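Here is a short tour of one protein chain, from its overall layout down to single side-chain pairs. Keep the 3D view open as you read.

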Amino acid sequence: MFIADPNIAKLVHFQGYPQDLLPLTVAGIPSIHICLDFIPELLAQPQLEKQIFAIQLLSHLCIQYALPKSLSVARLAISVMGTLLTVLTQAKRFSFFMPTLPCLVSFCQAFPPLYDDVAALLVQVGQVCASDVATKARDIDPLIARLQYLKERPKEAAGAFKRTLPQRTAEELGCSDPDVQLCYCIEATFSDIISIGLRGT
């Protein structure tokens, strides 16, 4: 159906639907790869929810269709995320990056050469968050140092990382500063990316 009328696919995905359905639609609709054609346009929309949906959709498409076009769009998405980091308010930054950071794991799983770009983005997000939580600097500064170490020496850091990552309950995270939550989400994302890389070696 989508190949016969790509405009229907575009309309459906510009309207969006629950992200829980993305694994089903990407795996179950053979022609859904045509979404790669309009994801750049979706990323350019001013509404954060559309940009979030585009990145989540793309993360599933990259795993299902590890094609040069997917790689190109993934690079664009990482660039867009970096740009948004510089313009979003604290509240919007939290709303945008919490659901999209896990997508970076899929990008790296499908395209290992993206690791450097993704790692640089994660460190940048961590640094921005840390600068906004000056009162919690003692908690956050060591985390930023760990992120930098993970970026530069992922294999060496993998074992130590698992021992240092704080085990916080959902309730504890829910009560903490959004930037602190985001920092721990960044660290967890790094952990997942490194785990995938180690499994592949």
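## Overall layout

Among the contacts in the chain with a separation of 6 or more, 72% join residues 24 or more positions apart. Please keep in mind that this is a predicted model, in which local features need pLDDT of at least 70 and side-chain atom pairs count only at pLDDT 80 or more, while totals for chains, interfaces and linings use all residues. Residues are numbered from 1 along each chain as its sequence is written, and side-chain values use heavy atoms, with hydrogens and water left out.

The chain has 11 helices and 0 strands, where helices (H or I, at least four residues) and strands (E, at least two) are DSSP runs numbered from the N terminus. The pattern along the sequence is therefore a run of α elements, α-α-α-α-α-α-α-α-α-α-α. Of the 201 residues in the chain, 46% are buried; buried means under 20% relative accessible area, exposed over 50%, and partly exposed in between (1.4 Å probe, protein chains only). The chain exposes about 10,100 Å², and carbon and sulfur atoms supply 57% of that area, as computed by the Shrake-Rupley method with a 1.4 Å probe; for residues, only the protein chains shown count as cover.

## The nonpolar core

In soluble globular proteins, nonpolar side chains tend to be buried together. Here the largest nonpolar core has 59 residues, and I39, L58, L61, F96, L104 and F107 touch the most other members. Such a core is a set of buried Ala, Val, Leu, Ile, Met, Phe, Trp, Tyr and Cys residues joined through side-chain atoms within 4.5 Å. The elements that give two or more residues to this core are α1, α2, α3, α4, α5, α6, α7 and α11.

Leaving aside residues up to four places away in sequence, F96 touches L48, Q51, I52, I55, M81, L84 and L88.

Helix α5 covers residues 68-87, 20 residues in total, and reaches 29 Å from its first C-alpha to its last, close to the 28 Å expected at 1.5 Å a residue. The expected span is 1.5 Å times one less than the number of residues. The buried residues of α5 are S70, V73, A74, A77, I78, V80, M81, G82, L84 and L85. An α-helix has 3.6 residues a turn, so residues three or four places apart point the same way. The cover over the buried residues of α5 includes α3 (39-43), α4 (48-64), α6 (90-110) and α7 (115-131).

One of those covering helices, α7, has 17 residues and reaches 24 Å from first C-alpha to last, close to the 24 Å expected. Its buried residues include Y115, V118, A119, L121, L122 and V123, and V125, G126, C129 and A130 are buried too.

## Salt bridges

Side chains of opposite charge can pair when their charged atoms come close. The structure holds 4 salt bridges, each with a side-chain nitrogen of Lys or Arg within 4 Å of a carboxyl oxygen of Asp or Glu. In one of them, E41 meets K10 at 2.8 Å, N to O. This pair links distant parts of the chain, with E41 in helix α3 and K10 in helix α1 (residues 6-15), 31 residues apart. E41 is partly exposed at 38% relative accessibility, and K10 is partly exposed at 27%.

Another salt bridge joins K69 and D37, whose closest N and O atoms are 2.0 Å apart. K69 lies in helix α5 and D37 in the loop between α2 (22-28) and α3, 32 residues apart. K69 is partly exposed, with a relative accessible area of 41%. D179 and R93 also form a salt bridge, at 2.9 Å, N to O. D179 lies in helix α11 (residues 178-199) and R93 in helix α6, so this pair ties together parts that are 86 residues apart in sequence. Both D179 and R93 are buried.

## Aromatic pairs

How many aromatic pairs are there? The count comes to 3, where rings of Phe, Tyr and Trp (its six-membered ring) pair if their centres lie within 6.5 Å; planes under 30 degrees apart count as stacked, over 60 as edge-to-face and the rest as tilted. The rings of F14 and F38 have centres 6.0 Å apart and planes at 55 degrees, so this pair is tilted. F14 lies in helix α1 and F38 in the loop between α2 and α3, so the pair ties together parts 24 residues apart in sequence. F14 and F38 are both buried.

Y17 and F53 form an edge-to-face pair, 5.0 Å centre to centre with 75 degrees between the planes. Y17 is in the loop between α1 and α2, and F53 is in helix α4, 36 residues apart. Y17 counts as buried at 18% relative accessibility, as does F53 at 6%.

How values were computed:
Contact means heavy atoms within 4.5 Å.
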